[in-house]
Amino acid sequence: MNELLRTILFLPRQASTIAEEIDKLHYFVIIMTMGGALLVTLIGGYFLFRYRRTAVQKDPSRRMPGTTPAIWLEVVVVIGLFGMFLVWWVIGFRQFMDIRVPPENALEIYVTGKQWMWKFAYPEGANSIATLYVPAGRPVKLILTSRDVIHSFFVPDFRLKEDVVPGRLTTLWFEAKEPGRHDILCTEYCGVSHSTMRGEVIALAPDEYERWLQGKSPAPAIAGPVDLRPSPVTEYAPAELVNMVRQGERAAAEHGCLRCHTLDGTPHLGPTWAGLYGTTVPLENGGSVKVDEAYITESMMDPLVRIHVGYQRIMPSYLGQIRPAETSAIIELMKSLRDVRPKPGASAPWGTVTVPETREGGQ
Amino acid sequence: MSQATIDAETRPDPLGVGADHPDYLRADSGLRSWLLTKDHKRIAIMFYVGVILFLGLGGIFALVLRTELLTPEQTFIDANTYNQMFTLHGITMVWLFMIPAIPTVFGNFVLPIMLGAKDLAFPRINLASFYVYVLSAIILLGAMVAGGADTGWTFYVPYSTTSPTAVTWMGIGIFVNGISSIMTSVNFIVTTHTMRAKGLSWHRMPLFVWASYATSIIILFATPVLGMSLVLLALDHAFGLSLFNPRYGGDPVLFQHLFWFYSHPAVYIMILPSFGVISEVVCSFSHNQPASYRAIAYSSLGIAFIGFFTWGHHMFVAGLSEFDAGVFGALSMFVAIFSAIKVFTWVATLRGGSISFATPMLYFLWFLFLFVFGGMTGVAVATQSLDVHWHDTYFVVAHFHFIMVGGTLTAFLAAAHYWFPKMFGRLYDERVGLLTSVAVFIGFVFTFLPQFLLGNGGMPRRYFTYPARYQWLNVLSTGGAWLLGAGLILALGNLVIALKWGKRAGPNPWGSRSFEWITASPPSKHNFEETPEIERSAYEYTLSEEVARERAKAR
Amino acid sequence: MSAQRLVEQFESLEKQDHAARLAMWMFLGSETLLFGALFAAYAYYRGMYPSEFVQALHHNSVALGTTNTVVLITSSFTVALGVHFVREGRARLTAGLFALSTLFGAVFLVVKGIEYSHHIHENALPAGMYAFAERPPAGVVLGFTLYWFMTALHGLHVIAGMIMLAVVGLLCWKGRYGVHRNVAVENVGLYWHLVDVVWIFLWPLFYLTD
């Protein structure tokens, strides 16, 4: 039944764990829609025929000018219809929450869209253009941003899509059911070559993925439909396999981050990065915030919005000066430091202030 | 010969009120008498010519698009031209055809007559509205020649601010177009409030007036927001104002909020007038009063109101919070309920009627199917998890074309046939009318039904080239588009031929009870020489015509 | 006189005047939404950049802003008096009051101009004007941009209002309006009040909340 309807409705393969569930709602909704439209039209057509002028003139008893329909019927139909819409809404909203909230253990990959290509960066240091390698059977969380205009990351086989907005981070997660290849399409109009901004997700068996990640096995051959378009750069190019944490250190040094922030817990002008990621820190204007990707990015792009208590308002904005890949690398660097304890002798990992309970909140 | 009172038992004047005066087409002559006219009917005719021209232009753009999509790779135009074409198709169709079409042509023509008035409240503003429309069209056409635009009609930043095309002038042209819409809608609202004939209470008005009134309210409150966003966009494109530019901390998503705050209600600006047309057509041809007058009248206001709070459903995957998405999704379903009430009421109106079948009625039948299907797919795309897949694919394209073309264009054609005798005093050829209507319907279904499947398959909109697996559906769609185009040209040709060679219509060829049919066809310059007193509703069909005639005789 | 001014599509002067007044209200409603879009943008960005906005608003002088508020409120008062007097048939007095109001409008614009020149001097410019100057942080620029754009748009409305006041005032002087014919005077008055009301919203947003 599933296969039949999927074929009739021209839906692509159900390659992610949520695809089949979404398709079931799809069938329900589309059948009701088609049925409703046909039903209304048939009733309308029947009335047109039954109450046609010639028939009414022959049989005047059919004519009932000004009769209002039974009001209860109308109320029942409207309530029934609204009830059905509510069912769609409830199921749709629950599925939407599933789509939007990634599982805790998801593998994170950074995606950058630019006119007109996709770039993928892995925390372990690998990166690729146009082809996203993921392990099958394991949730993957994409952290997306754009270098220029708005794009949209769409994998029809997964039934998933998310806009890729410059100056913002958005996320999308999925779990590929089994090894295979799937189209990536850009669905937000982004300029002259919008329609060629395509790519491919290649889901690998977990061990294959590990080997690929270490640069041992470039582009394994995977069975599956291959789209014979003139492809942009789909080759995997392991020019230099640098761990993202190392990249982050390099970027942090280049951009002068380390002039104010330390990596080992020594107090300095800005909060140290040691043990910072994942904790909850108090803010200057009251309240507190969890140090996650969103807050770190905000602090780089727009540092004065939420200032950590006890630090001066001296950090400049890096908006437009730091590349998205560097942002991601710095975040990875901070993640790698989450378990670093302060050096012996340093007063507190938070620099010059002592912070109450919240300090141990995250880790 | 004028008629002072119109009540349930008055026998209509066989020649129509005002038949002893020269009709509006002949009352004055010369080009000047047209270009400087303050007569709402002549202004309506000028708008008619304008919107038909732009329907043609937008149609040509559409056919170029569809033809290009015959093959997965480049067919006959390059990517730049293609991107220009879909943008210009959208801009032309939305602002130069859909939004003005029914209100400025048929609203202008029949609304004052329906109210028993001699003209709109502000004839000069009405004429100015036409010239502002022409000005906006000139600016937009100028911009099309001088660089065009390749941003899509939605002008999403930051792409639109960096596009090398004439985005600034497009923004200005649309801003000016909005001024024209606002002028017309102020005129309609004020006319409805102050110029109803004596005795014509709100609940006696024809339903078309209610629909126009609700439309005008939306135009009045939504258009300025669009105007402002486009001014900001134009200033950004021209001078780097950068209010939405991430480089200065701006948020591109704010533009989307502002844009859709207008452009979602704009969907109702485009569809509500066609609800009005359909209500008139159904009642007139089934010779029956609406199954529930109030349901139709008030649901228009309901749509106008709720329509302002659903814009977020265009942004489910743009980073809207889950909570907001849920609220916008639920509100969108409310709007559908109001539309459903209307559909049920139309169908129920047929029951117990005495239905004469003519071209407008056939268009009503198409409307019923296309609008219900299009509307319910609208609820489908408001279902969040499904929208994630469908967003910005051909499914959405098919959905809104079902509403805009299947709904509004079909209603526009119904209105063009229905009021043709009133506007020009002649009858079009009924058989040709029915045939072209069938051609339009089949062409439409072949154009847009495959696009639902394309969307299911995942083909994104605004794609110049596409994966080869989508080709056969695209070929079907292109074939349908050519048939649709041919059907439209034939339907228009049928009406144009009837202008000169059609049979004389008489004041009321359809046997309608609505007030515009009391006047002569075509109406005299002042519609009613003496403002009538109206003592019945516009749908007084309970007294059959025979009974009414006998009673009149007995008196 | 009054019979002549009834245009043919209306039955009575009352309806005609009612129509004119209603149309003005509709137009004002539409204008409100025009500014509404900008107020929404202001709220959105102020929520995003609270501290930067404060920093941007430090450039504004509360004294000058408040002066302008007083000037505009006074002008609204003189306009309201003018409308009152034309109803009583003292159209020349109205003409004088409208002239005075136009003058207040001019004073407003001059003060605004002084402020603008201070901002230019202090390099507090809207985005896109920083070609040769050092750019302040992101959110601050947004604050400047909104400030410049909203006050400039309001300024355009002040100019439009002044032109209307001047024309209607002149016609009052020439005796066109009186006890029975004053709906145009009233509508211009309404427009001026809208200009005033918009400023009364702009004033706290840009001067009092830093």
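The following paragraphs describe the chains of a predicted model and the contacts between them.

Chain B contains 17 helices and 4 strands. Its radius of gyration is 23 Å, close to the 24 Å that the globule rule gives for 555 residues, so chain B is as compact as a globular protein of that length. Along the principal axes, the C-alpha atoms of chain B fill a box of roughly 80 × 45 × 45 Å. Of the 555 residues in chain B, 69% are buried.

One helix of chain B, H13(B), covers residues 394–418. A bend of about 30° occurs in H13(B) at B:His401. Because 24 of its 25 residues are buried, H13(B) is largely enclosed by the rest of the structure.

Chain C has 6 helices and 0 strands, and the pattern read along its sequence is α-α-α-α-α-α. The box filled by the C-alpha atoms of chain C, taken along the principal axes, is roughly 65 × 30 × 30 Å. Buried residues account for 40% of the 210 residues of chain C. Among the contacts in chain C with a separation of 6 or more, 79% are between residues 24 or more positions apart.

The contact between chain C and chain B involves 29 residues from chain C and 32 residues from chain B. On the chain C side, helix H1 (13–48) and helix H5 (138–173) each supply at least two residues. The greatest contribution to this side comes from H1(C), which gives 17 residues. Sorted by class, the residues of chain C that touch chain B comprise 18 nonpolar, 8 polar and 3 charged residues.

Chain A also meets chain B, with 77 residues of chain A in contact with 73 residues of chain B. The side of chain A that touches chain B consists of 41 nonpolar, 21 polar and 15 charged residues.

Within chain A, the assignment gives domain 1 (2–100), domain 2 (107–213) and domain 3 (244–360). A distance of 37 Å separates the C-alpha centres of domain 1 and domain 2 of chain A. These two domains of chain A touch through 9 residues from domain 1 and 11 residues from domain 2. On the domain 1 side of this contact, 6 residues are nonpolar, 2 are polar and 1 is charged.

Strand S4 of chain A spans residues 131–135. As 4 of its 5 residues are buried, S4(A) is largely enclosed by the rest of the structure. S4(A) pairs in the parallel sense with strand S10 (residues 198–204) of chain A, over 5 bridges. In this pairing, A:Thr131 stands opposite A:Glu200 in S10(A).

Key. Residues are numbered from 1 along each chain as its sequence is written. Chains are lettered from A and ligands numbered from 1 in the order in which they are written. This is a predicted model: local features need pLDDT of at least 70, side-chain atom pairs count only at pLDDT 80 or more; totals for chains, interfaces and linings use all residues. Two residues are in contact if their C-beta atoms, placed from the backbone, lie within 7 Å. Ala, Val, Leu, Ile, Met, Phe, Trp, Tyr, Cys and Pro count as nonpolar, Asp, Glu, Lys and Arg as charged, and the others, Gly among them, as polar. A residue is buried if 20 or more other C-beta atoms lie within 10 Å of its own, exposed if 12 or fewer, and partly exposed in between; C-beta atoms are placed from the backbone. Two strands pair if DSSP finds at least two bridges between them. The bend at a residue is the angle between axes fitted to the seven residues ending there and the seven starting there. Domain bounds come from an automatic or database domain assignment. The radius of gyration is taken over C-alpha atoms; the globule rule is 2.2 Å times the number of residues to the power 0.38.
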